[in-house]
Amino acid sequence: MNEILQYTLQGLAAGSFYALAALGLAIIFGVLGVVNFAHGACYMLGAVVAAVLQDLLGLNFWLALLVVPVVMFVFGVVIERLLVSRLIALDPLYNFLLTFGLTLLLVDLVKRQYGVSGLPYTRPDLLTGQITLGALRLPTYQVFVLAFSLLVCAAVWLLMTRTRIGMIVRASTEKSELTRALGVDVNRWVTPVFGFGIALAGLAGVLAAPFRAITADMGSSFIIILFAVVVIGGLGSIVGAVVAGFIVGLVEAFGQAYAPALSQIAIFVLMALVILVRPAGLFGREENA
Amino acid sequence: MSSPTSTSDATGTGAALAGTGGFLGRSRRGWLLVGLGLVLALALPWFVYPPVAMDIACWALFAVALDLLLGYAGLLSFGHAAFWGGSAYVAGLAAIEWGLPFPLAALLGAVFAMALAWPVGVLSVRRSGIYFAMVTLAFAQMLFFVVNQWRGLTGGENGLQGVPAHFFGVEAVEDQAFYFYYAALPIIVAGMWFAWRVVHSPFGRVLVATRDNPARARALGYDVERYRVLVFVLSAGLAGLAGGIFAISHGFVSLQEVAWQTSGKVVLITVLGGIGTLWGGIAGAVVIVLLEDFLASSGFDGIGIITGAVFIVVVLLFRRGVWGTLSDLLGRRTGRSHAVERSISAGDGEEPTA
Amino acid sequence: MSTKRIVATAVVTAGVLALSACGNAGPGGAGSDEFTDGKLVLAVLNDQSGVYKDLSGPNSVKAVEMAVADFQERHGDDAVVEDVEVTFADHQNKPDVANTKAQELYDRESADIILDVPTSSAALAVATQAAEKEKLYFNIGAATTELTNAQCNKYTFHWAYDTYQLANATGTAVTEGGATDWQIIYPDYAFGQDMDKSFTAAIEAAGGTVGDHIATPFPNDNFSTFLTRAASAEPDVIGTMQAGGDLINLVKQYNEGGYVDQGIELAVGLMFITDIHSLGVEAFNGVNFAEAWYWNFDDENRAWADRFMEETGTRPSFAHAANYSAATQYLEAVQAEGTDDADTIVGHLEGKEIDDVFLKNGKIRAEDHRVIHDVYLARVKTADEVTEEWDYEEILATIPAEEAFKPVEDSTCSFG
């Protein structure tokens with residue numbers, strides 16, 4: 001029982017990274033129709049920027065949680081204006097290819113600049129150690145990651161449901177034709193939304209910095225699992241992305257605990273099952289297939 | 001597969017329909033170019049180090065296979081490493097365990113790749129566009145993990161070492177790579193010829209119709225999904241053929257062959273060469289393989305910086321790739337009107353996903 | 001029709017040309033000269049851009065160049081060969097690239113020897129080429145024991161370390177140090193599985209016990225679940241066989257989980273000084289690991305490390321020192337025999353006992369070409385123990401050459 005609780009927490013904590021990043025991916029897809037292959041690279045950049053700022057300016061983890069997403073937002077805006085917008089009128093596969101090229105470029109640039117062995121990151125003392133509840137020991141950091149990302153997801157949800165911008169984004173994500181037909185000018189929001197999605201990936205990267213190896217390659221297996229997450233959740237669904245993120249985290253944790261050899265395959269088996277039963281994803285709608 | 005056009009004039013109408021850029025298919029000029037291409041292919045190991053020449057040929061066929069799917073069915077597979085690598089392992093095992101001559105081993109690998117592609121294709125074509133790319137990528141990753149785990153069979157991280165290159169009892173001693181190239185070239189060329197036949201067959205024309213306007217193709221009574229699965233399987237088979245030869249020419253198979261970076265590399269080569277040009281993959285393979293070979297000895301540690309940047313430029317500015325752009329220039333010079341610029345799905349008839 | 005004929009003629013002509021020229025293109029007439037092409041070429045084939053760039057990479061090339069310069073200085077005009085070149089190539093940790101590059105180095109750049117080659121799959125691919133081309137190959141960077149067992153060959157030597165030695169050093173020394181109750185976490189691929197087996201054997205031989213053997217996916221960035229499982233058995237020590245980025249993930253999560261406070265130590269199977277350098281000593285507080293060579297071990301090492309620092313601006317890893325040693329011993333063998341003929345050099349080196357900056361009590365085993373030498377158990381210093389940059393390790397124990405490596409009678413190697 002004890003262990004099951006621990007695995008559940010660990011699964012949800014691992015899922016937090018997927019949920020945050022997938023949320024960004026889904027929002028970008030919703031408004032731009034672009035699947036950002038470079039999302040994993042942006043997650044990596046988030047962690048690298050946090051580590052570099054800590055090294056240069058002594059920026060601590062708590063400030064990094066605020067500053068790095070802003071940096072990544074600006075980066076996203078630049079990428080959108082400079083590259084993505086030029087292909088937006090064409091088949092979305094071109095932007096998929098473009099961001100794939102961008103991934104190669106970013107990963108090797110980081111390798112050249114910061115080496116391959118990984119960057120050091122000083123973890124916040126407050127988050128070290130374990131919380132003990134009776135016989136249950138939970139690593140403090142994981143509890144924090146889970147709580148923080150739930151908070152962010154909730155905040156994004158409020159943004160989506162309570163503000164005009166949010167409603168436009170949500171409407172265009174989930175019913176794009178209709179939104180445009182009603183004369184809502186979605187295009188105005190394209191650039192900031194792209195930046196926002198990148199910022200979410202960067203935020204996931206900052207959360208990973210104290211806890212995972214900060215290397216140029218940290219995003220390359222991450223992006224593939226992220227794709228599985230959005231296929232499972234349904235690309236056109238914001239809720240789906242988040243829920244599927246946590247589901248995949250749980251599958252991973254319990255797989256690792258009880259069938260380590262199959263834990264990575266399990267995620268893709270789940271994905272195959274979803275495609276078989278509900279091609280549009282758990283939360284997607286058929287007409288979008 | 002009923003088509004109103006007969007196969008006899010496939011060269012003319014087929015080329016126009018499929019938009020191959022008209023390089024091939026105008027009989028005299030076409031044959032001249034085929035001849036030139038063959039002479040160049042035969043001469044290649046004289047200018048390029050023979051193992052590198054072999055790599056170029058294998059990657060070229062791999063890219064042609066991918067273009068068959070991407071350029072003519074509008075489906076971007078980001079998981080083709082599964083077929084290239086899956087076949088590499090089967091071919092390698094067949095050569096080691098049963099001592100099969102390498103053309104048969106590669107063929108067996110290709111058959112395995114097609115068998116693997118069938119269920120993957122059936123599942124993947126349920127989604128098109130971007131979904132298709134992600135789903136194929138995920139399936140390929142599944143195979144990667146299986147190969148990595150199944151150490152008894154595949155050698156895991158150490159790979160499958162010591163794959164022999166038997167050739168019906170003939171054993172090459174000196175300069176093996178040089179002779180192997182000439183032994184393998186006919187298989188590569190046959191693979192390419194097959195891809196060309198597919199494109200210029202009635203099947204190929206229906207395929208292009210399903211790409212440009214699936215709704216219309218469906219209305220005409222074509223089973224779009226079945227066509228897509230079929231071309232997926234054919235493409236996987238050719239990719240497998242290339243992968244099998246690649247493995248045997250190197251004498252081993254490694255996890256690299258099933259890794260997603262390999263899928264990425266072949267997409268890179270195909271797009272660089274020119275989507276929907278079929279032969280563009282050859283140009284792309286020459287450029288990328290030589291570039292990588294050069295960079296490996298140059299002391300510059302950032303291959304991705306160059307390939308990534310080149311790729312971005314190509315996607316932004318030269319979407320017709322090396323082959324398409326060249327063929328445009330040539331076409332313009334000889335004053336011949338040319339196939340219109342196409343995007344991956346020119347008609348964009350696919351139901352929008354957003 | 002006429003064009004067809006032209007094409008056919010062209011094809012046939014090209015084919016005939018190809019065949020006829022081939023006769024001349026064969027390997028140059030060997031024999032008369034002691035040195036093919038009148039020169040000696042040492043080639044370093046390693047990772048110039050990926051995960052092993054810092055561990056070996058460009059600085060291994062520098063180390064080999066130092067060996068050549070020293071050789072030329074030592075022998076001056078008496079050197080049997082004047083023209084000694086050092087060349088290199090990047091295998092990007094991809095075995096197919098390594099395979100092609102090895103052929104190219106042997107054939108095109110007429111390399112007499114290939115050095116380094118980290119990454120097991122790449123290392124084994126190059127061994128196959130060495131056997132085929134009958135040219136020398138001294139492996140330094142790869143850890144697989146296959147090189148001196150099932151896949152050994154006459155022309156391949158394994159110079160620095162291997163999985164058996166790593167596991168044996170850490171497993172034995174830590175267990176004898178009192179931490180007898182182990183849990184092992186290993187990545188589920190060839191390297192990790194080998195390490196798990198070797199570790200278990202070493203621990204049990206030293207009187208310890210291993211509870212669970214926990215296999216993890218590779219690569220993997222989340223080890224929390226595995227650490228929880230291992231810690232729940234309340235062992236003395238968790239042994240991890242992870243390497244590179246995965247090791248950093250695991251160590252970070254070990255620190256995060258506060259297992260040190262529960263009295264659970266961490267022993268690492270494979271770790272390099274470059275890992276400590278990039279992450280800082282805090283990240284590895286008190287971790288035990290096996291080291292094949294340490295720059296600040298004695299005066300001899302230190303003197304060489306100072307020279308290396310002048311050349312490269314950094315301290316050498318064991319791989320750099322081993323490259324220097326391998327190149328030096330090769331050059332001396334050539335000097336002694338007066339030829340670059342591979343078979344002669346192999347004959348000269350087999351069974352030879354060597355003491356140099358890298359090989360302490362070194363010996364080249366004739367039976368399997370394993371090069372044995374003293375190795376060490378090291379502990380990562382705490383931040384306040386560090387007195388200068390790269391001063392990261394405290395050597396806890398020296399494992400004598402004879403005990404450090406897999407006994408020769410257990411080797412499955414035969415040069416048949």
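Let me start with a pair of residues in chain C of this predicted model: C:Leu45 stands opposite C:Asp116, and that second residue belongs to strand S3 of chain C. If you follow the two strands along, you will find four bridges between S1(C), which covers residues 40–46, and S3(C), which covers residues 113–116, and the two strands run parallel. Another pair in this stretch is C:Ala43, which stands opposite C:Ile114 in S3(C).

Now turn to the other neighbour, strand S2 of chain C. Seven bridges join S1(C) to S2(C), and here too the strands run parallel; as an example, C:Val44 stands opposite C:Phe88 in S2(C).

What is the order of the strands in the open sheet of five strands in chain C? The order is S2-S1-S3-S4-S5, and the pairing is parallel. At the edges stand S2(C), residues 84–90, and S5(C), residues 156–158, and because each of these has a single partner strand, one side of each is left without a neighbour in the sheet. If we ignore direction, neighbouring strands of this sheet are turned against each other by 20° on average.

Let me stay with S1(C) for a moment and ask how many of its seven residues are buried. The answer is seven of the seven, so the strand is largely enclosed by the rest of the structure. We can look at this face by face: on one side there are C:Leu40, C:Leu42, C:Val44 and C:Asn46, on the other there are C:Val41, C:Ala43 and C:Leu45, and all of them are buried, which leaves both faces covered.

Helix H2 of chain C, residues 57–75, forms a right-handed β-α-β unit together with S1(C) and S2(C). Helix H3 of chain C, residues 95–107, lies across S1, S2 and S3 of chain C, and it runs at about 175° to S1(C).

Next, two residues whose backbone angles deserve a careful look. C:Thr119, however, has a positive phi of about 75° although it is not a glycine. You will find C:Thr119 in the loop between S3 and helix H4 (120–133) of chain C. Is C:Thr119 buried or exposed? It has 28 C-beta neighbours inside 10 Å, and therefore it counts as buried.

The second residue is C:Trp390, whose phi is near 75°, again a positive value in a residue other than glycine. C:Trp390 sits in the loop between strand S14 (375–380) and strand S15 (393–399) of chain C, and because it has 18 C-beta neighbours inside 10 Å, it counts as partly exposed.

Chain C also holds an open sheet of three strands, in the order S11-S12-S13, with antiparallel pairing. The edges are taken by S11(C), residues 353–354, and S13(C), residues 371–372, each with a single partner strand, so one side of each is left without a neighbour in the sheet. Two bridges join S11(C) to S12(C), residues 362–364, and these strands run antiparallel; within S12(C), C:Lys363 is the bridge partner of C:Glu353.

Stepping back to chain C as a whole, we see that it is divided into domain 1, which takes in 37–161 + 296–373, and domain 2, which takes in 164–291. The C-alpha centres of these two domains of chain C lie 30 Å apart. Where they meet, nine residues of domain 1 are in contact with twelve residues of domain 2, and the side of domain 1 that touches domain 2 has five nonpolar, three polar and one charged residues.

Finally, the contacts that chain B makes with other chains. With chain C, the contact takes 37 residues from chain B and 43 residues from chain C. Which helix of chain B gives the most to the side that touches chain C? That is H2(B), with eight residues. By class, this side of chain B has 14 nonpolar, 16 polar and seven charged residues.

With chain A, the contact takes 39 residues from chain B and 40 residues from chain A. Helices H6 (129–149), H12 (260–273) and H14 (303–317) of chain B each supply at least two residues of the side that touches chain A, and the largest share, 14 residues, comes from H6(B). By class, this side of chain B has 24 nonpolar, eleven polar and four charged residues.

Conventions. Residues numbered from 1 in each chain as written. Chains lettered and ligands numbered in written order. Predicted model: local features only at pLDDT ≥ 70, side-chain atom pairs only at ≥ 80, totals over all residues. Contact = placed C-beta atoms within 7 Å. Nonpolar A, V, L, I, M, F, W, Y, C, P; charged D, E, K, R; others polar. Pairing = 2+ DSSP bridges. Axes fitted to C-alpha atoms, helices over the stretch in contact; angles between N-to-C directions. Buried ≥ 20, exposed ≤ 12 C-beta atoms within 10 Å, placed from the backbone. Right-handed = clockwise from strand over helix to strand, strands pointing away. Domains from an automatic or database assignment.
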